[in-house]
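Visitor: Hi, could we go through this one together, slowly?
Guide: Of course, let us look at it first.

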Amino acid sequence: TGDRGGPGGGLGGSAVYTWEEVQRHSHRGDQWLVIDRKVYNISQWVKRHPGGIRVISHFAGEDATDAFVAFHPDPNFVRKFLKPLLIGELAPTEPSQDHGKNETLVQDFQALRDRVEREGLLRARPLFFSLYLGHILLLEALALGLLWVWGTSWSLTLLCSLMLATSQSQAGWLQHDFGHLSVCKKSSWNHVLHKFVIGHLKGASACWWNHRHFQHHAKPNVLSKDPDVNMLHVFVLGDKQPVEYGIKKLKYMPYHHQHQYFFLIGPPLLIPVFFTIQIFQTMFSQRNWVDLAWAMTFYLRFFCCYYPFFGFFGSIALISFVRFLESHWFVWVTQMNHLPMEIDHERHQDWLTMQLSGTCNIEQSTFNDWFSGHLNFQIEHHIYCIYMVIYQVIQILKNSDNLFFLSLSLS
(Lines give C-alpha, C1' and ligand atoms only; values in the text may rest on other atoms or scores of the structure.)
Protein backbone atom coordinates (compact mmCIF):
# COMPACT_ATOMS: atom_id res chain seq x y z
CA THR A 1 0.00 0.00 0.00
CA GLY A 2 0.99 3.64 -0.07
CA ASP A 3 0.66 6.92 -1.96
CA ARG A 4 2.00 5.68 -5.27
CA GLY A 5 -0.50 7.40 -7.55
CA GLY A 6 1.11 10.35 -9.29
CA PRO A 7 -0.72 13.60 -10.00
CA GLY A 8 -1.57 12.69 -13.58
CA GLY A 9 -2.93 9.18 -13.33
CA GLY A 10 -2.25 5.67 -12.53
CA LEU A 11 -0.61 2.38 -12.27
CA GLY A 12 -3.33 0.38 -13.99
CA GLY A 13 -4.82 -0.72 -10.68
CA SER A 14 -1.77 -2.52 -9.31
CA ALA A 15 -1.73 -0.84 -5.90
CA VAL A 16 -4.05 -1.26 -2.92
CA TYR A 17 -5.07 1.47 -0.51
CA THR A 18 -6.81 1.96 2.78
CA TRP A 19 -9.57 4.49 3.34
CA GLU A 20 -7.19 6.50 5.48
CA GLU A 21 -4.86 6.87 2.51
CA VAL A 22 -7.68 7.79 0.14
CA GLN A 23 -9.08 10.39 2.52
CA ARG A 24 -5.73 12.16 2.72
CA HIS A 25 -6.23 13.14 -0.92
CA SER A 26 -9.24 15.39 -0.57
CA HIS A 27 -7.72 18.82 -1.10
CA ARG A 28 -7.57 21.17 -4.06
CA GLY A 29 -4.96 19.91 -6.52
CA ASP A 30 -4.75 16.50 -4.84
CA GLN A 31 -7.97 14.52 -5.09
CA TRP A 32 -8.79 10.82 -5.16
CA LEU A 33 -12.14 9.09 -5.10
CA VAL A 34 -13.51 5.54 -5.12
CA ILE A 35 -16.02 3.98 -7.53
CA ASP A 36 -16.91 0.30 -7.10
CA ARG A 37 -13.87 -0.15 -4.84
CA LYS A 38 -11.54 1.18 -7.58
CA VAL A 39 -9.36 4.14 -6.61
CA TYR A 40 -8.99 6.98 -9.11
CA ASN A 41 -6.69 9.98 -9.07
CA ILE A 42 -8.80 12.84 -10.43
CA SER A 43 -6.41 15.65 -9.46
CA GLN A 44 -5.95 16.85 -13.04
CA TRP A 45 -9.15 15.48 -14.54
CA VAL A 46 -11.35 17.75 -12.41
CA LYS A 47 -10.35 20.69 -14.60
CA ARG A 48 -11.77 18.93 -17.67
CA HIS A 49 -14.78 17.31 -16.04
CA PRO A 50 -17.83 18.15 -18.22
CA GLY A 51 -20.03 18.51 -15.14
CA GLY A 52 -17.71 21.10 -13.63
CA ILE A 53 -14.79 21.04 -11.23
CA ARG A 54 -16.82 21.53 -8.08
CA VAL A 55 -19.37 18.72 -8.29
CA ILE A 56 -16.71 16.02 -8.69
CA SER A 57 -14.46 17.64 -6.10
CA HIS A 58 -17.24 17.35 -3.50
CA PHE A 59 -16.60 13.59 -3.45
CA ALA A 60 -12.83 13.75 -3.09
CA GLY A 61 -11.68 11.19 -0.51
CA GLU A 62 -15.07 9.44 -0.56
CA ASP A 63 -16.92 6.59 -2.21
CA ALA A 64 -18.66 8.16 -5.22
CA THR A 65 -20.31 5.03 -6.65
CA ASP A 66 -23.94 6.03 -6.19
CA ALA A 67 -23.31 9.60 -7.32
CA PHE A 68 -21.46 8.31 -10.40
CA VAL A 69 -24.41 6.10 -11.38
CA ALA A 70 -26.98 8.81 -10.65
CA PHE A 71 -25.26 11.47 -12.74
CA HIS A 72 -24.34 9.36 -15.76
CA PRO A 73 -27.18 7.77 -17.79
CA ASP A 74 -24.61 5.67 -19.69
CA PRO A 75 -21.98 4.64 -17.10
CA ASN A 76 -20.25 2.24 -19.50
CA PHE A 77 -19.48 5.10 -21.90
CA VAL A 78 -18.08 7.25 -19.10
CA ARG A 79 -15.92 4.47 -17.66
CA LYS A 80 -13.52 4.67 -20.60
CA PHE A 81 -12.53 8.12 -19.33
CA LEU A 82 -11.81 6.61 -15.93
CA LYS A 83 -9.31 4.02 -17.15
CA PRO A 84 -6.32 6.41 -17.40
CA LEU A 85 -7.13 7.70 -13.89
CA LEU A 86 -7.14 4.28 -12.21
CA ILE A 87 -4.34 3.94 -9.65
CA GLY A 88 -5.47 0.91 -7.67
CA GLU A 89 -8.24 -0.43 -5.50
CA LEU A 90 -9.25 -0.70 -1.88
CA ALA A 91 -7.44 -3.30 0.17
CA PRO A 92 -9.48 -6.52 0.64
CA THR A 93 -9.70 -5.83 4.36
CA GLU A 94 -11.26 -2.40 3.77
CA PRO A 95 -15.08 -1.96 3.77
CA SER A 96 -16.69 -0.69 0.60
CA GLN A 97 -18.02 2.38 2.40
CA ASP A 98 -16.11 5.24 3.98
CA HIS A 99 -16.75 7.20 7.17
CA GLY A 100 -18.74 4.41 8.77
CA LYS A 101 -21.60 4.52 6.27
CA ASN A 102 -24.22 1.79 6.53
CA GLU A 103 -23.01 -0.74 3.95
CA THR A 104 -26.14 -2.89 4.19
CA LEU A 105 -28.35 0.10 3.46
CA VAL A 106 -26.18 1.10 0.50
CA GLN A 107 -26.28 -2.40 -0.99
CA ASP A 108 -30.03 -2.61 -0.49
CA PHE A 109 -30.59 0.67 -2.28
CA GLN A 110 -28.34 -0.37 -5.15
CA ALA A 111 -30.29 -3.61 -5.54
CA LEU A 112 -33.59 -1.73 -5.64
CA ARG A 113 -32.24 0.75 -8.18
CA ASP A 114 -31.10 -2.12 -10.40
CA ARG A 115 -34.60 -3.58 -10.23
CA VAL A 116 -36.22 -0.27 -11.16
CA GLU A 117 -33.88 0.07 -14.14
CA ARG A 118 -34.46 -3.53 -15.29
CA GLU A 119 -38.21 -2.96 -15.33
CA GLY A 120 -37.75 0.09 -17.53
CA LEU A 121 -39.25 2.57 -15.07
CA LEU A 122 -36.56 5.18 -15.66
CA ARG A 123 -37.32 5.40 -19.38
CA ALA A 124 -38.84 8.71 -20.40
CA ARG A 125 -41.95 8.99 -22.58
CA PRO A 126 -41.27 11.12 -25.68
CA LEU A 127 -44.97 11.89 -26.19
CA PHE A 128 -45.25 13.38 -22.70
CA PHE A 129 -42.33 15.74 -23.27
CA SER A 130 -43.52 16.65 -26.75
CA LEU A 131 -46.89 17.68 -25.34
CA TYR A 132 -45.16 19.51 -22.50
CA LEU A 133 -43.08 21.54 -24.97
CA GLY A 134 -46.18 22.07 -27.08
CA HIS A 135 -48.16 23.66 -24.27
CA ILE A 136 -45.25 26.04 -23.56
CA LEU A 137 -45.07 27.17 -27.18
CA LEU A 138 -48.87 27.50 -27.27
CA LEU A 139 -48.80 29.84 -24.27
CA GLU A 140 -46.14 31.97 -25.97
CA ALA A 141 -48.23 32.17 -29.15
CA LEU A 142 -51.46 32.96 -27.29
CA ALA A 143 -49.80 35.74 -25.30
CA LEU A 144 -48.60 37.42 -28.49
CA GLY A 145 -51.87 36.78 -30.33
CA LEU A 146 -53.78 38.39 -27.50
CA LEU A 147 -52.05 41.71 -28.15
CA TRP A 148 -52.30 41.43 -31.93
CA VAL A 149 -56.07 40.94 -31.83
CA TRP A 150 -57.28 43.02 -28.86
CA GLY A 151 -54.53 45.58 -28.23
CA THR A 152 -52.47 46.64 -25.23
CA SER A 153 -54.89 47.75 -22.54
CA TRP A 154 -53.74 47.36 -18.94
CA SER A 155 -55.93 44.32 -18.38
CA LEU A 156 -54.73 42.58 -21.57
CA THR A 157 -51.10 43.43 -20.83
CA LEU A 158 -51.49 41.91 -17.37
CA LEU A 159 -53.07 38.78 -18.87
CA CYS A 160 -50.24 38.57 -21.42
CA SER A 161 -47.70 38.85 -18.58
CA LEU A 162 -49.37 36.06 -16.63
CA MET A 163 -49.33 33.79 -19.69
CA LEU A 164 -45.67 34.56 -20.37
CA ALA A 165 -44.76 33.96 -16.72
CA THR A 166 -46.55 30.59 -16.87
CA SER A 167 -44.69 29.72 -20.06
CA GLN A 168 -41.36 30.72 -18.54
CA SER A 169 -41.98 28.72 -15.37
CA GLN A 170 -43.03 25.62 -17.27
CA ALA A 171 -40.02 25.96 -19.58
CA GLY A 172 -37.90 26.04 -16.44
CA TRP A 173 -39.23 22.65 -15.37
CA LEU A 174 -38.76 21.24 -18.89
CA GLN A 175 -35.16 22.41 -19.24
CA HIS A 176 -34.52 20.78 -15.87
CA ASP A 177 -35.35 17.35 -17.32
CA PHE A 178 -33.25 17.91 -20.43
CA GLY A 179 -30.42 19.16 -18.23
CA HIS A 180 -30.45 15.87 -16.35
CA LEU A 181 -30.01 14.07 -19.72
CA SER A 182 -33.10 12.07 -18.90
CA VAL A 183 -35.45 12.59 -21.85
CA CYS A 184 -33.65 11.35 -24.98
CA LYS A 185 -31.62 8.16 -25.26
CA LYS A 186 -28.67 10.04 -26.76
CA SER A 187 -26.98 12.56 -24.47
CA SER A 188 -26.18 14.79 -27.44
CA TRP A 189 -29.89 15.28 -28.16
CA ASN A 190 -30.53 16.13 -24.51
CA HIS A 191 -27.76 18.73 -24.64
CA VAL A 192 -29.12 20.37 -27.80
CA LEU A 193 -32.69 20.45 -26.54
CA HIS A 194 -31.50 21.73 -23.16
CA LYS A 195 -29.75 24.65 -24.83
CA PHE A 196 -32.83 25.32 -26.95
CA VAL A 197 -35.23 25.40 -24.00
CA ILE A 198 -33.08 27.21 -21.43
CA GLY A 199 -31.35 29.40 -24.02
CA HIS A 200 -33.89 30.23 -26.72
CA LEU A 201 -37.06 29.92 -24.64
CA LYS A 202 -35.70 31.42 -21.40
CA GLY A 203 -32.59 33.45 -22.23
CA ALA A 204 -30.34 31.67 -19.72
CA SER A 205 -27.21 29.49 -19.82
CA ALA A 206 -27.19 25.68 -19.90
CA CYS A 207 -23.62 25.45 -18.57
CA TRP A 208 -24.39 27.84 -15.71
CA TRP A 209 -27.40 25.75 -14.74
CA ASN A 210 -25.51 22.45 -15.02
CA HIS A 211 -22.61 23.51 -12.83
CA ARG A 212 -24.95 24.97 -10.22
CA HIS A 213 -27.67 22.33 -10.19
CA PHE A 214 -25.41 19.26 -10.24
CA GLN A 215 -23.72 20.52 -7.07
CA HIS A 216 -27.14 20.77 -5.48
CA HIS A 217 -27.89 17.14 -6.31
CA ALA A 218 -24.44 15.97 -5.26
CA LYS A 219 -24.68 17.47 -1.77
CA PRO A 220 -28.22 18.75 -1.10
CA ASN A 221 -28.52 21.14 1.85
CA VAL A 222 -24.80 20.81 2.66
CA LEU A 223 -23.43 24.22 3.59
CA SER A 224 -20.53 25.42 1.40
CA LYS A 225 -21.25 22.66 -1.16
CA ASP A 226 -24.86 23.19 -2.21
CA PRO A 227 -25.18 26.59 -3.95
CA ASP A 228 -28.93 26.59 -3.29
CA VAL A 229 -28.32 27.10 0.44
CA ASN A 230 -25.52 29.61 -0.10
CA MET A 231 -27.44 32.77 0.72
CA LEU A 232 -24.39 35.09 0.62
CA HIS A 233 -24.95 36.25 4.22
CA VAL A 234 -28.44 37.55 3.35
CA PHE A 235 -30.21 34.71 5.19
CA VAL A 236 -29.12 32.12 7.74
CA LEU A 237 -30.57 28.64 7.34
CA GLY A 238 -31.07 25.52 9.38
CA ASP A 239 -30.32 25.04 13.05
CA LYS A 240 -26.53 25.37 13.10
CA GLN A 241 -25.79 28.30 10.81
CA PRO A 242 -27.68 30.86 12.98
CA VAL A 243 -25.76 29.62 16.04
CA GLU A 244 -22.44 29.90 14.20
CA TYR A 245 -23.23 33.43 13.07
CA GLY A 246 -24.23 34.31 16.63
CA ILE A 247 -20.98 32.93 18.09
CA LYS A 248 -18.91 34.82 15.50
CA LYS A 249 -21.12 37.90 15.93
CA LEU A 250 -21.70 38.17 12.17
CA LYS A 251 -24.46 40.68 11.50
CA TYR A 252 -24.54 41.34 7.77
CA MET A 253 -28.33 41.60 8.00
CA PRO A 254 -30.90 41.88 10.81
CA TYR A 255 -31.38 38.11 10.91
CA HIS A 256 -34.01 38.24 13.64
CA HIS A 257 -36.22 39.88 10.98
CA GLN A 258 -35.30 37.62 8.07
CA HIS A 259 -38.73 36.00 8.09
CA GLN A 260 -40.07 39.44 7.19
CA TYR A 261 -37.52 40.80 4.71
CA PHE A 262 -37.47 37.44 2.92
CA PHE A 263 -40.72 38.43 1.17
CA LEU A 264 -39.15 41.70 0.01
CA ILE A 265 -35.88 40.45 -1.45
CA GLY A 266 -36.25 36.67 -1.84
CA PRO A 267 -39.07 35.71 -4.22
CA PRO A 268 -39.26 39.04 -6.09
CA LEU A 269 -35.54 39.47 -6.85
CA LEU A 270 -33.99 36.01 -7.22
CA ILE A 271 -34.54 35.54 -10.96
CA PRO A 272 -34.84 39.11 -12.31
CA VAL A 273 -31.79 40.39 -10.40
CA PHE A 274 -29.51 37.77 -8.84
CA PHE A 275 -29.82 34.97 -11.41
CA THR A 276 -29.79 37.34 -14.39
CA ILE A 277 -26.60 39.06 -13.22
CA GLN A 278 -24.96 35.75 -12.33
CA ILE A 279 -25.87 34.12 -15.65
CA PHE A 280 -24.39 36.87 -17.83
CA GLN A 281 -21.40 37.27 -15.54
CA THR A 282 -20.71 33.53 -15.85
CA MET A 283 -21.10 33.43 -19.62
CA PHE A 284 -18.70 36.34 -20.14
CA SER A 285 -16.13 35.30 -17.51
CA GLN A 286 -16.00 31.73 -18.86
CA ARG A 287 -16.21 32.93 -22.47
CA ASN A 288 -19.13 30.65 -23.09
CA TRP A 289 -20.08 32.17 -26.42
CA VAL A 290 -22.34 29.26 -27.43
CA ASP A 291 -24.66 29.76 -24.46
CA LEU A 292 -24.50 33.52 -24.95
CA ALA A 293 -25.60 33.11 -28.57
CA TRP A 294 -28.54 30.92 -27.52
CA ALA A 295 -29.55 33.45 -24.86
CA MET A 296 -29.35 36.32 -27.36
CA THR A 297 -31.82 34.53 -29.65
CA PHE A 298 -34.37 34.74 -26.83
CA TYR A 299 -33.95 38.48 -26.35
CA LEU A 300 -33.91 39.10 -30.12
CA ARG A 301 -37.14 37.16 -30.55
CA PHE A 302 -38.75 38.83 -27.53
CA PHE A 303 -37.98 42.37 -28.68
CA CYS A 304 -39.00 41.62 -32.27
CA CYS A 305 -42.38 40.40 -30.98
CA TYR A 306 -43.13 43.05 -28.37
CA TYR A 307 -41.28 46.18 -29.53
CA PRO A 308 -44.14 47.09 -31.92
CA PHE A 309 -46.55 47.13 -28.98
CA PHE A 310 -44.52 48.60 -26.11
CA GLY A 311 -41.39 50.15 -27.57
CA PHE A 312 -37.89 49.50 -26.23
CA PHE A 313 -38.34 50.53 -22.60
CA GLY A 314 -41.84 49.13 -22.46
CA SER A 315 -40.51 45.74 -23.62
CA ILE A 316 -37.85 45.85 -20.91
CA ALA A 317 -40.55 46.62 -18.36
CA LEU A 318 -42.62 43.69 -19.67
CA ILE A 319 -39.84 41.10 -19.44
CA SER A 320 -38.86 42.42 -16.00
CA PHE A 321 -42.42 42.00 -14.75
CA VAL A 322 -42.61 38.51 -16.24
CA ARG A 323 -39.35 37.59 -14.48
CA PHE A 324 -40.76 39.06 -11.27
CA LEU A 325 -43.82 36.80 -11.46
CA GLU A 326 -41.78 33.76 -12.50
CA SER A 327 -39.38 34.30 -9.61
CA HIS A 328 -42.16 33.93 -7.04
CA TRP A 329 -43.30 30.72 -8.72
CA PHE A 330 -39.77 29.32 -8.81
CA VAL A 331 -38.95 30.16 -5.19
CA TRP A 332 -42.07 28.61 -3.70
CA VAL A 333 -41.67 25.37 -5.64
CA THR A 334 -37.94 24.88 -5.07
CA GLN A 335 -37.71 26.03 -1.46
CA MET A 336 -40.67 24.11 -0.09
CA ASN A 337 -38.89 20.84 -1.01
CA HIS A 338 -35.62 21.62 0.75
CA LEU A 339 -35.63 24.40 3.34
CA PRO A 340 -37.88 22.51 5.80
CA MET A 341 -35.27 19.71 5.90
CA GLU A 342 -31.87 19.42 7.60
CA ILE A 343 -29.27 21.99 6.56
CA ASP A 344 -25.83 21.24 7.91
CA HIS A 345 -22.13 21.00 7.10
CA GLU A 346 -20.67 17.92 5.42
CA ARG A 347 -21.44 14.77 7.42
CA HIS A 348 -20.24 12.20 4.85
CA GLN A 349 -23.54 10.34 4.71
CA ASP A 350 -24.34 7.64 2.18
CA TRP A 351 -26.20 8.73 -0.95
CA LEU A 352 -29.64 7.55 0.16
CA THR A 353 -29.49 9.02 3.68
CA MET A 354 -28.11 12.31 2.39
CA GLN A 355 -30.89 12.69 -0.19
CA LEU A 356 -33.63 11.72 2.27
CA SER A 357 -32.45 14.12 4.95
CA GLY A 358 -32.24 17.04 2.50
CA THR A 359 -35.47 16.67 0.52
CA CYS A 360 -39.18 16.16 1.06
CA ASN A 361 -42.22 15.52 -1.13
CA ILE A 362 -45.27 17.69 -1.59
CA GLU A 363 -48.78 16.23 -1.73
CA GLN A 364 -49.65 14.80 -5.13
CA SER A 365 -52.47 16.27 -7.19
CA THR A 366 -52.99 17.03 -10.86
CA PHE A 367 -52.46 20.74 -10.19
CA ASN A 368 -49.39 20.21 -7.98
CA ASP A 369 -47.86 17.91 -10.59
CA TRP A 370 -48.25 20.57 -13.30
CA PHE A 371 -47.47 23.57 -11.10
CA SER A 372 -44.18 22.07 -9.90
CA GLY A 373 -43.19 20.21 -13.06
CA HIS A 374 -43.48 16.97 -11.04
CA LEU A 375 -40.80 18.23 -8.65
CA ASN A 376 -43.27 17.64 -5.84
CA PHE A 377 -41.80 14.10 -6.00
CA GLN A 378 -38.47 15.50 -4.85
CA ILE A 379 -37.31 12.42 -2.90
CA GLU A 380 -37.66 10.08 -5.86
CA HIS A 381 -36.07 12.64 -8.15
CA HIS A 382 -33.07 13.08 -5.88
CA ILE A 383 -32.31 9.46 -5.11
CA TYR A 384 -32.36 8.56 -8.81
CA CYS A 385 -31.34 12.02 -10.05
CA ILE A 386 -33.21 11.53 -13.34
CA TYR A 387 -36.78 11.73 -14.59
CA MET A 388 -38.91 8.68 -13.96
CA VAL A 389 -42.42 7.28 -14.28
CA ILE A 390 -43.18 8.40 -10.73
CA TYR A 391 -46.29 6.39 -9.93
CA GLN A 392 -44.84 3.04 -11.01
CA VAL A 393 -41.65 3.59 -9.06
CA ILE A 394 -43.55 4.55 -5.92
CA GLN A 395 -45.67 1.43 -6.28
CA ILE A 396 -42.51 -0.70 -6.37
CA LEU A 397 -41.17 1.08 -3.30
CA LYS A 398 -44.38 0.41 -1.41
CA ASN A 399 -44.33 -3.27 -2.31
CA SER A 400 -40.64 -3.72 -1.64
CA ASP A 401 -39.35 -5.69 1.33
CA ASN A 402 -36.00 -3.99 1.01
CA LEU A 403 -34.34 -2.36 3.95
CA PHE A 404 -34.25 0.70 1.70
CA PHE A 405 -38.01 1.20 1.89
CA LEU A 406 -37.92 0.59 5.62
CA SER A 407 -35.45 3.45 5.98
CA LEU A 408 -37.60 5.61 3.67
CA SER A 409 -40.65 4.98 5.83
CA LEU A 410 -38.79 5.72 9.03
CA SER A 411 -37.47 8.97 7.60
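Visitor: How many helices and strands are there in the chain?
Guide: This is a predicted model, in which local features need pLDDT of at least 70, side-chain atom pairs count only at pLDDT 80 or more, and totals for chains, interfaces and linings use all residues. Residues are numbered from 1 along each chain as its sequence is written, and side-chain values use heavy atoms, with hydrogens and water left out. The chain has 18 helices and 5 strands, where helices (H or I, at least four residues) and strands (E, at least two) are DSSP runs numbered from the N terminus.

Visitor: What share of the residues is buried?
Guide: Of the 411 residues, 52% count as buried, meaning under 20% relative accessible area with a 1.4 Å probe, protein chains only.

Visitor: Changing topic, which domains is the chain divided into?
Guide: There are domain 1 (16-100) and domain 2 (102-410), with bounds from an automatic or database domain assignment.

Visitor: How many residues does each give to the contact?
Guide: Domain 1 gives 20 residues and domain 2 gives 22 residues, contact meaning heavy atoms within 4.5 Å. The centres of the two domains, taken over C-alpha atoms, are 28 Å apart.

Terms used:
Buried means under 20% relative accessible area, exposed over 50%, partly exposed in between (1.4 Å probe, protein chains only).
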